[in-house]
Amino acid sequence: MTFQGRNFNVIQDFTQAELNYLIDFAIHLKQLKQKRIPHHYLEGQTIALLFDKTSTRTRSAFTVAAQDLGAHAEFMGAGDVQFGKKESDKDSAIVFGSMFDGIQLRVSKQETVDTFCEYAGVPIWNGMTNDWHPTQMLADFMTIKEVYGSLAEQSLVYLGDGRNNVAHSLMIMGAIMGVSVTIASPEALAPASEVLAEAQVLAQATGAKIRHLENPLEAVADASVLYTDVWVSMGEEAQFQERIQQLMPYQVNQELVQHCQKPYIFLHCLPAFHDSSTQIGAEIKHKYGLEAMEVMDDVFESPEAYQFQQAENRLHTIKAVMAVTNGNLFIPDLA
């Protein structure tokens, strides 16, 4: 098993064994962190954190992970980077790669990350694009494994906009890991047919069932994991009314969870509109009379909810990715 020097771009680049290794290594690193045992696998390195989209959890996780690993993290936001404006992605990749030991990108275009992977010459870590959210997947499946002890025979149901990067990434990750994934959404917000088809092909090797259903009550019947996300993605803020009308039947509330026929946990990649305490939440309540959108507060605050453990695991899984790809670890090939 070789990770040294590799990019962490899309989940499809990794085998089930490699993804399991990253999750288990992240659990080990979490224990080291809790016991305050130093683990400076990137001692002396300087990494770049490049963002053209705002972020809370991704920036925090990469910054703390770098510091825990002994590296210095240099953040550059949308006003600092010039992707495709004054400098081509290729030229930017060559320049950044000549100065930094590793580069994280959270950018709109997947093509930007792909270009950096080709030309930077140092490990590239995909912090999120409009197409994929690979680091979120490691944190999600780490959380499921921590709660249940195993990923075997788990069934995840995602309720919401099935076209977004999280829904697509969940299908691919589930297919590779042998976790069944159901996307519950209206047909107008169904997953891209090519991604669904790709996931179903990958699932043939693991036996996972990957599907799209319009009926949310039918979807959650066999769920062990309920997962939802914001109804309006970055850049679609003008579409709140349309999304509310489309996705209200998919809201995770007490009426919905009563249709789960076995114990379940709730996950959310955050931020969540579970009440009206935020500025946007208050605006939604004022304009549409809603106390919450994708999840009601009583589910969000219930014993079944693990979204904050899931958020913390962003740190440990990102740290695992950075350490194995750029830390010169000895990893025996047990395959």
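Helices here are DSSP runs of at least four residues, numbered from the N terminus. In this predicted model, helix H5 spans residues 134–148, and just after H5 glycine 149 takes a positive phi of about 85 degrees. Helix H5 has 15 residues and reaches 21 Å from its first C-alpha to its last, which is close to the 21 Å expected at 1.5 Å a residue. The helix is mostly covered, with twelve of its 15 residues buried. The buried residues of H5 are Pro134, Thr135, Gln136, Met137, Leu138, Ala139, Asp140, Phe141, Met142, Thr143, Ile144 and Lys145.

The crossing of H3 and H4 is right-handed. On the H3 side, the contact is made by Asp89, Lys90, Ser92, Ala93, Ile94 and Phe96; on the H4 side, Thr112, Thr115, Phe116 and Tyr119 take part. By class, five residues of the contact of H3 with H4 are nonpolar, three are polar and two are charged.

The second pair consists of helix H1 (residues 16–34) and helix H13 (residues 307–326), whose axes come within 8 Å and cross at roughly 110 degrees. Angles of 65 to 115 degrees count as roughly perpendicular, and H1 and H13 are therefore roughly perpendicular to each other. Helix H1 contributes Tyr21, Leu22, Phe25, Ala26, Leu29, Lys30 and Lys33 to the contact. Helix H13 contributes Gln309, Glu312, Asn313, Leu315, His316, Thr317, Lys319, Ala320, Val321, Ala323 and Val324. The residues of the contact of H1 with H13 comprise ten nonpolar, four polar and four charged.

Threonine 46 lies in strand E1, which covers residues 46–51. Its relative accessibility is 26%, so threonine 46 counts as partly exposed; the cut-offs for this class are 20% and 50%. When residues up to four places away in sequence are not counted, threonine 46 touches His72, Phe100, Asp101 and Gly102. Threonine 46 and glutamine 246 are 200 residues apart in sequence, and their C-alpha atoms are 45 Å apart in space.

Terms used
Residues numbered from 1 in each chain as written. Predicted model: local features only at pLDDT ≥ 70, side-chain atom pairs only at ≥ 80, totals over all residues. Heavy atoms only, no water. Helix = DSSP H or I, 4+ residues; strand = E, 2+ residues; numbered from the N terminus. Buried < 20%, exposed > 50% of the residue type's maximum accessible area, 1.4 Å probe, protein only. Contact = heavy atoms within 4.5 Å. Left-handed = near helix turned anticlockwise from the far one by under 90°. Nonpolar A, V, L, I, M, F, W, Y, C, P; charged D, E, K, R; others polar. Expected span 1.5 Å × (residues − 1). Axes fitted to C-alpha atoms, helices over the stretch in contact; angles between N-to-C directions. Parallel < 35°, antiparallel > 145°, perpendicular 65-115°, else oblique.
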